[in-house]
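Please look over the sequence and the structure below before reading on. The text then goes through some of their features step by step.

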Amino acid sequence: MPNPTFDLSLLPPAQVQFAVVSDTHYTLHPGDAPVEFASRCHQTRRAAAALQLAASLDIDFAVHLGDLVQEYPDTPDFSRAIDEALSQLRASGLQPRYVAGNHDVGDRPNAATISEYNRDFGDDYFSFWVRGVKCICVNSQLWKDDSEAAALRAEHGRWLRAELASPETAKAQHILVFSHIP
């Protein structure tokens, strides 16, 4: 793949430059098994190209907005898919912060799927600062109406309210919120 350059000379200098990737849906090779649609077989290669392109940019940080893999947490090949997707990311050179998506923690996350996610990726919601910009990463999967995630959702809500109300956040020049589901 050629290494493109982006001419930013007509733009004012950026306070912060970052890349957002999402829904890379790393797909295990299906072998002879039927696939949902033919282009599914090209997802992994396309994602690799996009990740390499993002890694080639002069950025302050990157965020992956979820759905790193095509598998779901309750499928037999989920762990293998996660391992291979993380290997693909390492090979690309991109080192994103991760936001949980439904393919990462499940459509209806629970304590077990969140714990697995935390083990592989770190916290499922967190914040960070980059040169006066407050970045808040949320786990929007917890906001679905599901009694199994009620306690997790309540804890996440308390954290988010505290983050937004903090005196430090009030001093931010910009606040960016990253989520899988807007």
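The model is a predicted one.

We begin with charge. Side chains of opposite charge can pair when their charged atoms come close. The structure holds five salt bridges. One of them joins Arg80 to Glu84, with the closest N and O atoms 3.0 Å apart. Both residues belong to helix 2, and because they are four residues apart there, about one helical turn separates them. Arg80 also forms a salt bridge with Asp77, where the closest N and O atoms are 4.0 Å apart. Asp77, at 33%, is partly exposed, and Glu84 is partly exposed with a relative accessible area of 28%.

Another salt bridge is formed by the side chains of Lys134 and Glu163, with an N to O distance of 2.8 Å. Lys134 lies in strand 5 and Glu163 in helix 5, so this pair ties together parts that are 29 residues apart in sequence. Are these two residues buried or exposed? Both Lys134 and Glu163 are buried. Returning to Arg80, salt bridges with shared partners join it with Asp77 and Glu84 into one network.

The axes of helix 2 (residues 78-92) and helix 4 (residues 111-121) come within 12 Å and cross at roughly 25°. Angles under 35 degrees count as roughly parallel, so helix 2 is roughly parallel to helix 4. The crossing of the two helices is right-handed.

Next comes the backbone. Most residues other than glycine have a negative phi. Asp67 has a positive phi, near 60°. This residue sits in the loop between strand 2 (61-64) and helix 2, and Asp67 is buried, with a relative accessible area of 3%. Arg131 also has a positive phi, near 45°, and lies in the loop between strand 4 (126-130) and strand 5 (133-137).

The loop between strand 5 and helix 5 (150-165) contains Ser140. Ser140 has 5% relative accessibility and therefore counts as buried. Its C-alpha atom is 12 Å from that of Ala154, which is 14 residues away along the chain.

Last is the surface. Which residues make a nonpolar surface patch of about 370 Å²? Phe6, Leu8, Leu11 and Leu57 do. Leu8 is in the segment before strand 1 (18-21), and because its relative accessibility is 40%, Leu8 counts as partly exposed.

Definitions and conventions: Residues numbered from 1 in each chain as written. Predicted model: local features only at pLDDT ≥ 70, side-chain atom pairs only at ≥ 80, totals over all residues. Heavy atoms only, no water. Patch = residues over 30% accessible without salt bridge, like charges linked within 9 Å, V, L, I, M, F, W, Y side chains within 5 Å. Areas by Shrake-Rupley, 256 points an atom, 1.4 Å probe, with all protein chains shown as cover. Buried < 20%, exposed > 50% of the residue type's maximum accessible area, 1.4 Å probe, protein only. Axes fitted to C-alpha atoms, helices over the stretch in contact; angles between N-to-C directions. Parallel < 35°, antiparallel > 145°, perpendicular 65-115°, else oblique. Left-handed = near helix turned anticlockwise from the far one by under 90°.
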